[in-house]
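Colleague: I'd like to learn how to read the features of a protein model. Could you walk me through one?

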Amino acid sequence: MAALKEKRTCGQRCEDFGHFVWNSDEGKLMGRTPEKWVYISLYYVAFYAVMTSLFSLAIWTLMYTLDPYTPDYQDRLTSPGVMVWPDTYGEEVIEITYNTSEKASWMKMTKILNEFLEPYNDTKQLECNNYNCTKGKYFLQKHFLGPHHTKYSCPFLQSMLGPCSGFEDPTFGYNCSMPCVIIKMNRIINYLPTNRTDVAPYVNCTVLEEEGNVAKIEYFPENGNMDPSYFPYYGRLAQPSYVNPLVAVRFSLVGGKYAKIQCRVVSEKISYENYHDPYEGKVIFHLKALK
């Protein structure tokens, strides 16, 4: 019968560990001589130095091949999305509802529009976008001739929105039954909305429900045009002061003062019947004025 292995005490275990850390008989530190520790340390230093160099070289090569002004991979959208302000977006629908007899209600809409139009202030635009653009033509720029290696942007002035600019009527019509909404087309780099510059894209709004409740629809700028000089857009870095062209639409509500409205940007290269993207080329919203 084999003898049972003697159980080692705590002191013996500590003594064995100390002997492992430093073996004075063989001159080893944690199982290796100082000479071998030097060799293995040099090996790992060289290994990680090579790995770090390869990683840095790969990152440098990647960054060198990237164009900071144009993303390598872009969403290949066939046409841009369209949005409306005041942007009171619900879970499924856009409902622009306000009460003409409650100042807090229509002031909420006024505040949203004022904040949205702040970058379009006439003074700001004339300071940062002072290039004299040619209206009715695409503003094609092959070279970076703007300050600090940028491209020029055409100014869009808040005053171009006429009665819906907030200058003539600070309430934007929300204290009565003539509310203004602002339509904006989203940006796509290098996108041209038409094949010709003599026909500008324009906003057209139609009443889908309760047509009799809308007596008149007015567009600002005139005819709801988005001038071709604001296209193409070259990107945030190339055009840091660029602002989207806007179209303001004023509705004269009568009767029930409610309507379901569709506003679309009309152009030969802009589609609006994409079932999977309800905001492509158009936006649908409910407009309701309470008393």
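Modeller: Let's begin with contacts, meaning heavy atoms within 4.5 Å. Among contacts in the protein between residues at least 6 apart in sequence, 75% join residues at least 24 apart. This is a predicted model, where local features need pLDDT of at least 70, side-chain atom pairs count only at pLDDT 80 or more, and totals for chains, interfaces and linings use all residues. Residues are numbered from 1 along each chain as its sequence is written, and side-chain values use heavy atoms, with hydrogens and water left out.

Colleague: What does the secondary structure of the protein come to?

Modeller: Helices (H or I, at least four residues) and strands (E, at least two) are DSSP runs, numbered from the N terminus. Here there are four helices and ten strands, and the pattern along the sequence is α-β-β-α-β-β-α-α-β-β-β-β-β-β.

Colleague: Which residues does UniProt list as "transmembrane region"?

Modeller: The UniProt entry, which is unreviewed, gives residues 37-63. UniProt positions are in the numbering used here, feature names are shortened, and annotations may be inferred rather than shown by experiment. In the model, that span is 100% helix and 0% strand, with its end C-alpha atoms 39 Å apart.

Colleague: Now the sheets. What is the order of the strands in the open sheet with mixed pairing?

Modeller: Strands of a sheet pair through backbone hydrogen bonds, either parallel or antiparallel. Two strands count as paired if DSSP finds at least two bridges between them. The mixed sheet has four strands in the order S4-S10-S9-S6. Its edges are S4 (94-99) and S6 (202-209), each pairing on one side only. From one strand to the next, the twist averages 25°; angles run from 0 to 180 degrees between N-to-C directions, and axes are lines fitted to C-alpha atoms, for helices over the stretch in contact.

Colleague: How many bridges join S4 to S10?

Modeller: Six, and the two strands run parallel, with S10 covering residues 282-290. Ile94 stands opposite Phe285, and Tyr98 faces Ala289. On the antiparallel side, S9 (residues 258-266) pairs with S10 over seven bridges, and Tyr258 is opposite Lys288.

Colleague: Does Glu218 count as buried or exposed, and why?

Modeller: Buried means under 20% relative accessible area, exposed over 50%, and partly exposed in between (1.4 Å probe, protein chains only). Glu218 counts as buried because its relative accessibility is 18%. This residue lies in S7 (residues 214-220) and touches Met178, Ala248, Val249 and Arg250, not counting residues up to four places away in sequence. Of the 291 residues of the protein, 40% count as buried.

Colleague: Which residues have the most contacts inside the largest nonpolar core?

Modeller: In soluble globular proteins, nonpolar side chains tend to be buried together. A nonpolar core is a set of buried Ala, Val, Leu, Ile, Met, Phe, Trp, Tyr and Cys residues joined through side-chain atoms within 4.5 Å. The largest one has 56 residues, and Val203, Phe251 and Phe285 have the most contacts inside it. Phe251 touches residues including Pro179, Val214, Ile261 and Phe285.
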